[in-house]
Amino acid sequence: MVLAESYGAQVLDVGCGTGKWAVEVAEALPHVQVQVVGIDLVDPPIPTSPPNCQTSGLRVGSFEICDIVTGLPYPDETFDVVHVRDLISGVRAYEEMLAECVRVLKPQGYLLVVEIEWVVSCLTVEEAESHLPMCHNTLFLEALEERGLDAWAAQSLDAHVAAVNQIERESVRLDRRSVPLGGWAGDPYLEYAGRLSLDAFRHFGNAIRILMQDHGVFGSDDMHSAALEELDVDAGASRPVWVFDNVIARKKSA
Ligand SMILES: C[S@@+](CC[C@H](N)C(=O)[O-])C[C@H]1O[C@@H](n2cnc3c(N)ncnc32)[C@H](O)[C@@H]1O
């Protein structure tokens with residue numbers, strides 16, 4: 001919505017990962033001449049991107065290699081929109097990272113932040129009591145905290161954004177959404193999202209192997225298989241969800 005109305009908007013996606021969000025935005029909005037730049041520590045694994053996914057000189061290509069922690073290679077007030085999704089597990093000083101994003105926003109520009117609450121929940125208390133994968137939830141959060149990461153930052157995402165000096169506090173809006181884990185939702189769109197999120201969860205043990213080993217947990221795949229057994233989604237025993245916190249906020253006027 002913000003972008004659909006912003007003719008010629010300059011958009012930055014911080015920690016763009018696969019580049020999917022940046023490419024989807026660029027593809028969806030060529031008619032308003034949106035220009036999108038994605039930055040990440042590593043190259044996104046995509047062969048091509050649309051022409052309005054911008055190159056800006058650090059390297060040839062549509063995306064840039066950059067560590068947000070050491071600062072973004074852009075002057076103050078460059079972008080109309082800065083998007084951050086799923087960076088809690090990568091950045092220690094989370095509010096400082098947000099402040100750096102806001103530095104490169106134009107006055108009245110939009111900051112969009114999406115984070116996952118890193119514990120699996122269930123739809124009802126009864127289901128949670130019998131099926132929550134407590135071992136997985138606890139060990140994973142402990143491992144993040146041991147690395148100096150703020151595992152609970154998503155639960156107070158609006159407060160973190162509002163704490164950034166140049167953010168207009170009254171503009172901060174939080175939208176908290178539960179996404180099903182598994183295809184149990186009874187709505188075609190949510191069932192699709194649920195199947196994708198369960199698939200991602202199945203690969204999660206592998207993705208967090210090094211993190212868990214550093215925490216003294218060897219066999220994160222086994223921990224994950226156990227979590228899936230506890231949830232017992234395929235048999236319909238529980239209706240687990242991931243909670244996503246979405247925050248939108250504006251930078252103060254000049
Ligand atoms: C969990 S992925 C999320 C990717 C993408 N935002 C998405 O939602 O699909 C986190 C991404 O942040 C990147 N990242 C982590 N720390 C970073 C840093 N200090 N600077 C830039 N990117 C970073 C990682 O390389 C990874 O691609």
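Predicted model: local features only at pLDDT ≥ 70, side-chain atom pairs only at ≥ 80, totals over all residues.
I started by counting helices and strands: the protein has eight helices and seven strands. Helices (H or I, at least four residues) and strands (E, at least two) are DSSP runs, numbered from the N terminus.

Residues are numbered from 1 along each chain as its sequence is written.

Next I checked overall size. The C-alpha trace spans about 50 × 40 × 40 Å along its principal axes.

Then I looked at α6 (residues 188-207) and α8 (residues 220-231). Their axes come within 7 Å and cross at roughly 155 degrees. Axes are lines fitted to C-alpha atoms, for helices over the stretch in contact, and angles run from 0 to 180 degrees between N-to-C directions. So α6 and α8 are roughly antiparallel (angles over 145 degrees; under 35 is roughly parallel, 65 to 115 roughly perpendicular, the rest oblique). On the α6 side I found F204, G205 and N206, and on the α8 side S220, D221, M223 and H224; contact here puts C-beta atoms, placed from the backbone, within 7 Å.

I also looked up α4 (residues 134-146), which packs against α8 at about 140 degrees with the axes 8 Å apart. That makes α4 oblique to α8. Here C135, H136 and L139 of α4 meet M223, H224, A226 and A227 of α8.

Last, the ligand: 15 residues are around it, and G15, G17, R85, D86 and G90 come nearest. Near means a C-beta atom, placed from the backbone, within 6 Å.

Notes. Contact = placed C-beta atoms within 7 Å.
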